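Here are my notes on the structure below. Please read them with the sequence and the 3D view open.

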Amino acid sequence: EDLTRTNAILFFTRWVTHICAPVFVFTAGLGAYFWKSHGRSSAQLSKFLWSRGLWLIILDLTVIRFALTFSMMNGVLILSVLWAIGLSMIVLGLLIRIPTRWLAAGSIAVIVLHNLTDRLTADRFGFASWVWKILHEQGVFNVGPALVLVAYPLVPWVAVMALGFCFGEVMILSAEER
């Protein structure tokens with residue numbers, strides 16, 4: 001936000017949105033931990049995360065796309081917040097088998113350090129630049145005749161959700177231990 005071209009109300013509404021998405025994704029990971037803590041196995045949690053994640057991706061690529069463009073076939077395909085959350089759930093379904101301390105350390109490292117790769121731009125990857133855009137850099141690429149806009153790159157969101165999952169270990173401690 002350009003502070004010379006805004007007012008306090010507009011700045012606050014923009015600022016608060018930067019808190020909403022991380023908190024929501026973090027608590028989605030925490031919710032996954034609580035879902036498992038009710039006597040379910042890692043395999044059951046993984047299946048649950050995969051199915052819910054897939055449904056969110058489908059919802060984003062169909063209903064949300066239609067709501068934004070009034071078309072299922074024309075216009076830009078936007079990979080937005082539900083796509084990122086859904087894919088993060090699918091990846092978390094794989095990551096839950098990693099020991100919690102390692103997963104927490106890796107998640108914190110990704111959250112703290114992922115911006116160090118900002119100077120590495122997608123155009124350096126040539127044909128595979130679309131992979132970097134999905135993982136790290138907002139941008140546009142073509143899939144055949146379709147134009148795809150990555151609004152929410154995946155890497156930070158997977159780490160935030162995984163950290164929320166790890167935080168479940170803290171939440172089950174007694175108040176004194178926390």
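1. Ser 129 sits in helix H5, which covers residues 129-135. Is Ser 129 buried or exposed? Its relative accessible area is 15%, and the cut-off for buried is under 20%, so Ser 129 counts as buried. Leaving out residues up to four places away in sequence, Ser 129 touches Ala 122 and Asp 123. Please keep in mind throughout that this is a predicted model.

2. Leu 120 belongs to the loop between H4 and H5. Its relative accessibility is 28%. Buried requires under 20% and exposed requires over 50%, so Leu 120 is classed as partly exposed. Once residues up to four places away in sequence are set aside, Leu 120 touches Phe 125, Trp 132 and Glu 137. For the pair Leu 120 and Glu 137, the separation is 17 residues in sequence and 9.2 Å in space, taken from C-alpha to C-alpha.

3. Now the overall layout. The protein contains six helices and three strands. Read from the N terminus, the order of elements is α-α-β-α-α-α-β-β-α. Along the principal axes, the C-alpha atoms fill a box of roughly 50 × 40 × 35 Å. The protein has 178 residues, and 31% of them count as buried. Take the contacts between residues at least 6 apart in sequence: 59% of these join residues at least 24 apart.

4. The three strands form an open sheet in the order E1-E3-E2, and the pairing is mixed. E1 and E2 (139-143) are the edge strands, each pairing on one side only. From one strand to the next, the twist averages 25°.

5. How do E1 and E3 run, parallel or antiparallel? They run parallel, and three bridges join them. Leu 79 stands opposite Val 150 in E3. E2 and E3, by comparison, run antiparallel and are joined by five bridges. Among the residue pairs here, Val 143 has Ala 146 of E3 as its bridge partner, and Asn 142 has Leu 147 of E3.

6. E2 and E3 also make a hairpin, with two residues between the strands. Gly 144 lies in the turn and has a positive phi of about 60°.

7. Next, the helix packing. Two packed helices are described by the angle between their axes and the distance between the axes. For H2 and H3, the axes come within 7 Å and cross at roughly 160°. Angles over 145 degrees count as roughly antiparallel, which is why H2 is described as roughly antiparallel to H3. The crossing of H2 past H3 is left-handed.

8. Which residues of H2 and H3 meet? On the H2 side, they include Ser 46, Leu 49, Trp 50, Arg 52, Asp 60 and Ile 64. On the H3 side, they include Val 81, Trp 83, Met 89, Ile 90, Leu 92 and Gly 93.

9. H1 and H2 pack with their axes 9 Å apart and at an angle of about 140°. That angle makes H1 oblique to H2. H1 passes H2 in a right-handed crossing. The residues that meet are Ala 32, Trp 35 and Lys 36 in H1, and Ser 42, Gln 44, Leu 45, Phe 48 and Leu 49 in H2.

10. Where does the largest nonpolar core get its residues? The core has 30 residues, and Leu 49, Leu 92 and Phe 165 touch the most other members. Two or more residues come from each of helix H1 (8-36), helix H2 (42-69), strand E1 (77-79), helix H3 (81-95), helix H4 (100-113), strand E3 (146-150) and helix H6 (154-171). H6 gives the largest share, seven residues.

11. With neighbours within four places in sequence left aside, Leu 49 is in contact with Ala 32, Met 89, Ile 90, Leu 92, Gly 93 and Ile 96. One of these, Leu 92, is also among the core residues that touch the most other members.

Terms used:
Residues numbered from 1 in each chain as written. Predicted model: local features only at pLDDT ≥ 70, side-chain atom pairs only at ≥ 80, totals over all residues. Heavy atoms only, no water. Core = buried A, V, L, I, M, F, W, Y, C linked by side-chain atoms within 4.5 Å. Buried < 20%, exposed > 50% of the residue type's maximum accessible area, 1.4 Å probe, protein only. Helix = DSSP H or I, 4+ residues; strand = E, 2+ residues; numbered from the N terminus. Contact = heavy atoms within 4.5 Å. Pairing = 2+ DSSP bridges. Axes fitted to C-alpha atoms, helices over the stretch in contact; angles between N-to-C directions. Parallel < 35°, antiparallel > 145°, perpendicular 65-115°, else oblique. Left-handed = near helix turned anticlockwise from the far one by under 90°.
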